[in-house]
Amino acid sequence: MLIRLGYEIAIECTQATPVVSLLEIHRDRQATIKRQTRVLTSPSVHTRLYHDLHGNACRRFTAPPGGFRILYDAVVEDSGQTDEVNTLAREVPVAELPDEVLGYLLGSRYCETDHLSGLAWQLFGHVPAGWARVQAIVDYVHNRLSFGYGYARPTRTAAQAHEERVGVCRDFAHLAITLCRCMNIPARYVNGYLGDIGVPIDPAPMDFSAWLEVFLDGKWYTFDARHNTPRIGRVVIARGRDATDVPLLHSFGPHRLSLFKVWTYEQEGNLFNPPYHAVDRTVSAHMLA
């Protein structure tokens, strides 16, 4: 299967503003890229890449005063398989976890394990350890929260989402991650592309998506508390402890988002077909910092 994906984002700044973007396809998927443009900016500015502590590719540049646009388009190859399901996957005792995984047991900016630990053990302490326990957590979050773009708030934490019972995909991910960590199950935050492949088309404009990965039986497995069903065609952009680590754009100074387009869909026919006409959308900053 071929998947066409990309974005066009425009911001306005009152003065020259340093920016870091986390919009690159993750290096785990670089080998699957069949065709891609350069990351194009208008006006043209110098950009450079570096990798952060989580292995994510970050692009640094300075946006000039006035309007500034960044654009990317690519085609990637995908297996066409849904997210892996392994109902026999076991929890790994904390004493046996790899060193690099331990940090994903700790509380973080949006994942307050100290606030939700008692609740987690009350709700899930009796559930068999392993895949069944993680799935019970994901089921709980999926049923607890109501999804809506109008509920977006960039400062909402997992505990607040649990109390308010609303959120966007990042809130679903944060709450599920927090409850897993409370149960001593390593969990991390992921954002990336997720198109409507193999499911009914969502009439809402396309957006980036957030989900979680959980460490069981020596490997990371994908779970999605918002959709709560295995999906086709996820393309990871970045991973971290929570959304703090992986903002799509982080500006060191004020900016106004004036255009936000994302496209991700199964590519039919010629590899070089023109890109899908994504609907213009000005969004709240639930995925931006």
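Hi everyone, let's start with R69, which counts as partly exposed at 35% relative accessibility. Partly exposed here is the range between buried, under 20% relative accessible area, and exposed, over 50%, with a 1.4 Å probe and protein chains only.

Before going on, a word on the source: this is a predicted model, where local features need pLDDT of at least 70 and side-chain atom pairs count only at pLDDT 80 or more, while totals for chains, interfaces and linings use all residues. Residues are numbered from 1 along each chain as its sequence is written, and side-chain values use heavy atoms, with hydrogens and water left out.

So what does R69 meet? Its side chain and that of E8 form a salt bridge, at 2.6 Å from N to O. By salt bridge I mean a side-chain nitrogen of Lys or Arg within 4 Å of a carboxyl oxygen of Asp or Glu. R69 sits in strand β7 (residues 66–77) and E8 in strand β1 (residues 2–13), so this pair ties together parts that are 61 residues apart in sequence. Strands are DSSP runs of E, at least two residues, and helices are runs of H or I, at least four, numbered from the N terminus. E8 counts as buried, at 13% relative accessibility.

How many salt bridges does the structure hold? There are 21. Another one links E84 and K219, whose closest N and O atoms are 2.8 Å apart. Because E84 lies in the loop between β7 and α1 (113–124) and K219 in strand β12 (residues 219–223), that pair ties together parts 135 residues apart in sequence. Both ends are partly exposed: E84 has a relative accessible area of 43%, and K219 comes in at 33%.

Then we have D245 with R241, again with the closest N and O atoms 2.8 Å apart. Is D245 buried or exposed? D245 is buried, at 13%, whereas R241 is partly exposed, at 38%. Elsewhere, shared partners join D28, R188, E213 and R239 into one salt-bridge network.

Last topic: cavities. A cavity is a set of points, on a 1 Å grid over the protein atoms alone, where a 1.4 Å probe fits but cannot get out; lining residues have an atom within 4 Å of a point. The count is 1 cavity of 30 Å³ or more.

Thanks, happy to chat!

Technical notes:
On a 1 Å grid over the protein atoms alone, a cavity is a set of points where a 1.4 Å probe fits but cannot get out, and a pocket is an open set with protein on both sides within 12 Å along at least five of seven lines; lining residues have an atom within 4 Å of a point. Grid points are joined across faces, edges and corners, and a volume is the space filled by probe spheres set on the points.
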